[in-house]
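The following note sets out several points for a colleague who is reading this structure with the sequence at hand. Each point may be checked against the display.

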Amino acid sequence: MNCSKVPSRSSAAIGCSTAFCALALWVLAFLLLPQTAQAAPLLATFLEKAAPAELVPGADSFGPQREDVPVVPALAKGETVGWVFLTSDFVPTTGYSGKPIHILAGVSKDALITGVRLVKHSEPIVLVGIPEAKIKAVTEKYAGLDLKKLAAGDEGSHDLDIVSGATVTIMVIDDSIVRAGIKVAKALSLGGFSPDAAAGGHAVELDRSVDATQGWESLAGDGSLRRFVLDVDTINRDFANLGDLRSASHVEPAPGADAYMDVWVGLASQPSIGRSLLGDAEYANLKAMLKPGDEAIFVGGSGRWSFKGSGYVRGGIFDRIQVVQGDVSHRFRDREHRRVIHVAAAGAPDLTEMDLFVIPASTGFDPAAPWRLQMLVQRPVGALEKLFLSYELGYDLPKRYTKTVPQPVAAAEAGQASSSSPADTSEATGAATAIRDALWQKIWEAKRSQIIVIGAALVFLSGIFFFQSFATKNERIFDIVRTAFLIFTLVFVGWYANAQLSVVNILAVTSALFSDFRWETFLMDPLIFLLWFAVAAALLFWARGAYCGWLCPFGALQELSNKIARALKVPQATLPWGLHERLWPIKYVIFLGLFGLSLYSLELAEHYAEVEPFKTAIILKFDRSWPYVLFALAVLTPGLFIERFYCRYMCPLGGALAIPARLHMFRWLKRYKECGNPCQTCAHECPVQAIHPTGEINPNECISCLHCQVLYQSADRCPVVIGKIKKRARFEKQIGLATSGAGQPAVTHGAAKTIPVQTV
């Protein structure tokens with residue numbers, strides 16, 4: 001049977017052809033647009049956002065920007081008292097949103113950070129209810145940070161002030177301030193720093209000719225292996241010193257003298273250390289695993305704290321440890337890891353964890369220079385909140401494993417000029433890509449359980465649509481299933497996981513296509529990415545209704561609130577068809593207005609996208625200033641009398657999805673030829689009045705609630721089904737009379753004939 005009545009073949013073909021051409025041009029633009037890169041420093045753009053004294057105490061003005069390094073002097077009565085820089089001019093600062101976090105910082109002549117201001121970001125921290133002031137307060141605490149100690153690795157207590165719910169953002173901020181600050185200090189020779197390469201000097205490098213094996217005690221005695229130990233009493237005291245009273249109810253149990261952390265590290269790619277720890281055969285395997293320029297470290301541990309954590313079990317990023325060396329930091333991925341089954345060195349202690357981690361050559365890690373292993377410890381203090389502490393284990397390779405070699409003048413000059421060379425640009429691009437990859441992979445790993453739940457829900461919903469005749473066969477059971485799914489969408493997808501799609505997502509993608517499109521930007525939020533992927537597939541199969549009718553948390557809130565209103569006998573209103581049809585275009589006008597505004601200014605369009613009450617009602621759960629709450633309630637109130645009022649007439653996201661939905665390839669909704677003429681049952685009962693009086697279903701307005709499919713099979717309310725049942729009953733009665741007369745079986749001569757019985 002036909003799924004719905006459609007326009008004439010010519011008009012439908014023209015519409016589909018136009019839409020297809022538009023889609024093809026959109027895809028072509030995506031494929032052909034070049035990847036743009038930041039061509040010039042941005043310091044001057046943001047300098048006016050902070051007063052000189054905020055960044056360098058005592059300063060009253062800024063001097064001119066230097067030509068060789070993107071910094072400006074901070075002046076006090078004309079004298080230079082410090083320097084100001086923008087972190088994103090020196091290091092990749094890609095955050096959770098996939099866009100740079102721009103931070104202004106001041107540095108003194110003694111290489112001390114004197115002030116920090118967060119001047120611009122695109123992080124969704126406000127969307128998840130974290131006050132921006134809290135993030136800014138964390139950045140301002142970096143005033144007084146000694147870059148010399150950090151570079152030397154002898155500051156053992158540079159605590160990472162993690163804000164629960166914004167871990168990735170804080171880690172990027174910390175990393176960018178430290179690495180950019182050290183780069184500036186080196187470039188300006190502040191506080192005893194010197195440029196990385198000195199012309200005609202000498203360089204210290206790893207001596208791989210030293211390969212004698214040793215026992216564990218010898219390795220530990222000469223510093224080939226370094227150890228960090230922390231007992232239970234100390235970790236409890238350190239968490240208590242954070243001042244959060246909730247920590248007291250989550251302390252580590254006695255005995256207090258037990259080792260909470262007991263970690264050993266060593267440079268396993270040095271032949272003597274590596275062969276001693278692994279044995280000849282395993283060290284040969286390690287060498288085969290390493291690419292040119294790669295290095296490897298050994299990490300072993302016991303105690304209650306695991307340096308691998310859940311990252312090892314599930315793959316992805318090892319989020320509890322990272323190697324830091326000067327302005328270089330590296331967090332390990334699963335493919336850079338290998339377990340150690342047995343330590344060959346005699347006298348080795350019993351270790352519960354023994355692993356090798358590869359540091360890629362692309363990081364710029366120098367095995368002959370000091371480095372440190374940074375370890376992150378977390379303590380849950382609530383259902384979703386944690387406290388964090390960081391500790392560091394410094395490592396300085398014993399001098400007997402190094403050698404001094406002369407450095408050619410040409411190489412040194414090349415190093416000094418690297419800031420403007422293509423090779424440096426390539427390295428920076430590679431570093432930025434590595435950071436973005438590490439961020440989105442870590443985020444996906446952290447939300448693994450939510451991804452599984454959302455994935456299972458999408459599979460279940462797909463089953464409903466593919467087998468809709470079976471799913472809608474029993475009206476009562478289907479109503480229970482649909483209501484339960486809407487509750488799941490509202491509570492889990494919306495209020496818990498904050499996976500509410502928005503027209504802002506569409507505007508951001510469009511803007512990215514014409515600027516710097518990167519897939520990893522949109523991988524930063526796995527649930528949003530999965531839902532958009534599902535929406536894209538659903539648009540081809542079922543138009544926009546699969547999302548709007550089932551997966552939109554705000555749509556679920558409207559429908560559930562209307563169900564409650566009906567249960568409380570709130571009278572329902574039905575708009576006249578003429579008025580209802582003329583209100584449809586409003587949502588398209590709103591979307592086109594926002595889209596046009598985004599071409600001028602994406603930030604301005606995002607501001608006016610507050611016409612969507614999704615952030616207030618779903619993301620922030622109405623915990624917002626009263627004008628926003630009042631607007632959200634004003635939008636929801638008509639929905640108590642007119643089901644899904646906002647969806648029908650105002651939702652710009654629905655309007656945006658309806659445009660490509662014209663390309664949907666299948667028509668799944670079954671219809672009878674009698675639908676619309678004379679029968680109007682489905683049209684009268686459609687929750688959003690998406691069925692025309694003439695019987696056809698408007699795919700632009702349908703939310704795929706499948707109520708019409710319930711009616712399609714209803715033996716109580718569908719006149720067509722009722723008529724067929726009655727006709728079949730009369731036919732069966734006639735057959736019964738023909739085969740039995742006055743209670744006697746009929747006598748049949750000749751071959752028996754099977755009389756077909758028509759079924760619905």
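1. The model is a predicted one. Leaving aside neighbours within four places in sequence, phenylalanine 62 is in contact with Leu47, Ala50, Ala51, Pro52, Leu55, Val72, Pro73, Leu75 and Val84. Phenylalanine 62 belongs to strand β1, residues 61–62. Valine 72 stands 10 residues away along the chain, and the C-alpha atoms of phenylalanine 62 and valine 72 are separated by 6.4 Å.

2. Histidine 102 is found in strand β4, which covers residues 102–107. Its relative accessible area is 8%, so histidine 102 is buried. The side chain of histidine 102 makes a polar contact of 2.7 Å with that of serine 88. Not counting residues up to four places away in sequence, histidine 102 touches Leu42, Phe46, Leu86, Thr87, Ser88, Arg117, Leu118, Val119 and Lys120.

3. Helix α8 comprises residues 232–240, and its buried residues are Val232, Thr234, Ile235, Asn236 and Phe239. Among the elements that cover these buried residues are the strands β7 (225–231), β8 (259–267), β14 (371–380) and β15 (386–395). The N-terminal end of α8 is capped by aspartate 231, a side-chain oxygen of which lies 3.4 Å from the backbone nitrogen of aspartate 233.

4. Helix α13 has 19 residues, 448–466. At 1.5 Å a residue the helix should span 27 Å, and its end C-alpha atoms are 27 Å apart, which agrees. Which residues of α13 are buried? They are Gln450, Ile451, Ile454, Ala457, Leu458, Leu461, Ile464 and Phe465. These residues cover an arc of only 145 degrees around the axis, and therefore lie on the same side of α13. As a general rule, an α-helix has 3.6 residues a turn, so residues three or four places apart point the same way. Ser449 and Val459, on the other side of α13, are exposed.

5. Arginine 671 is situated in the loop between α27 (652–658) and α28 (681–685).

Definitions and conventions: Residues numbered from 1 in each chain as written. Predicted model: local features only at pLDDT ≥ 70, side-chain atom pairs only at ≥ 80, totals over all residues. Heavy atoms only, no water. Helix = DSSP H or I, 4+ residues; strand = E, 2+ residues; numbered from the N terminus. Expected span 1.5 Å × (residues − 1). Buried < 20%, exposed > 50% of the residue type's maximum accessible area, 1.4 Å probe, protein only. Arc of directions from axis to C-beta. Contact = heavy atoms within 4.5 Å. Polar contact = N/O pair within 3.5 Å; in protein donor to acceptor, adjacent residues only side chain to side chain.
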